Amino acid sequence: MRVFKVPREPGAGGTIILSMIGGLILAHADWRGWVVGITVALVTFFTFDYAFDSYRAWRLGGMAFTLGLNGLAYILPAIYWFGGEALKPSPKNPLLVPLTIVAVLFALHFAFSRIKGWKNPLTYALGNFLPAVPALFAPAVAGKPFSYDVLVFWFLLAYYEAIGAAYVETKLAFRKFPKKYPLIAWLPAFLVVLYNSYLILALIEPTARLILNLRDTTYVAKIDDIKRLGWSVFRSVMLLYVITLAVLYLS
């Protein structure tokens, strides 16, 4: 099995790169930060499938290799910029929040995959939090302090990725996933307006899509139709991405 390859799912691969770009923009990275950040994101991009396949098959060797490679890719630049501060459990450590979030996400995904199974909609949705993780590390690898702008950007992007995955599950003819669940789960996203009221603009299209889905009686079963549905959701995610990034950067 090849270690380095383009991800099978274009949405996941695109999110890895675009999330890092968004994080670098909000971190106000200089040209050196951009070079390091994009390089690091490419490591994750090309090893994503191998890491996921190793994790799903519980191949410890593959998991250790990809975890070690990606860990070094993100941690070494932070050590270069911040020195020993990047290794301390301190609020000033730009890696503290990203590593904590990643640990929680993996713990939840592991628990659901073992209890509910890999094909369970909740397991699938949780997995969609992961491709946006590079945004959280963007400040650290660019030599900038971690900021709430980056955290909110990652949250909205990753959260809608997960909700979008759940939305797709409600449209599959061979699933019995209630349409109300994605809409109910989406409501906590409105908490971001407490941070920046203009972020309501990013929530309009996703919310309208989920509400309209409640009365939509069309389902898909053919692989081509499922792919088109997936691209439709990805375009929706990118609209949220652009609006969220613009609001946070310009505010």
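Modeller: Contact means heavy atoms within 4.5 Å. Keep in mind that this is a predicted model.

Colleague: Which residues of α7 and α9 meet, and how do they divide by class?

Modeller: On the α7 side, the contact is made by Leu-156, Tyr-160, Ile-163, Tyr-167, Thr-170 and Lys-171. Facing them in α9 are Leu-203, Glu-205, Pro-206, Arg-209, Leu-210 and Asn-213. By class, the residues of this contact are seven nonpolar, two polar and three charged.

Colleague: Are α7 and α9 roughly parallel or roughly antiparallel?

Modeller: The axes of α7 (residues 148–171) and α9 (residues 200–213) come within 11 Å and cross at roughly 20°. Angles under 35 degrees count as roughly parallel. The two helices, α7 and α9, are therefore roughly parallel.

Colleague: How many charged residues does the contact of α3 with α6 have?

Modeller: In α3, Tyr-74, Pro-77, Ala-78, Trp-81 and Phe-82 take part. They meet Pro-134, Phe-137, Pro-139, Ala-140 and Val-141 of α6. The class count for the contact of α3 with α6 is ten nonpolar and no polar residues, and for charged residues it is none.

Technical notes
Residues numbered from 1 in each chain as written. Predicted model: local features only at pLDDT ≥ 70, side-chain atom pairs only at ≥ 80, totals over all residues. Heavy atoms only, no water. Axes fitted to C-alpha atoms, helices over the stretch in contact; angles between N-to-C directions. Helix = DSSP H or I, 4+ residues; strand = E, 2+ residues; numbered from the N terminus. Parallel < 35°, antiparallel > 145°, perpendicular 65-115°, else oblique. Nonpolar A, V, L, I, M, F, W, Y, C, P; charged D, E, K, R; others polar.
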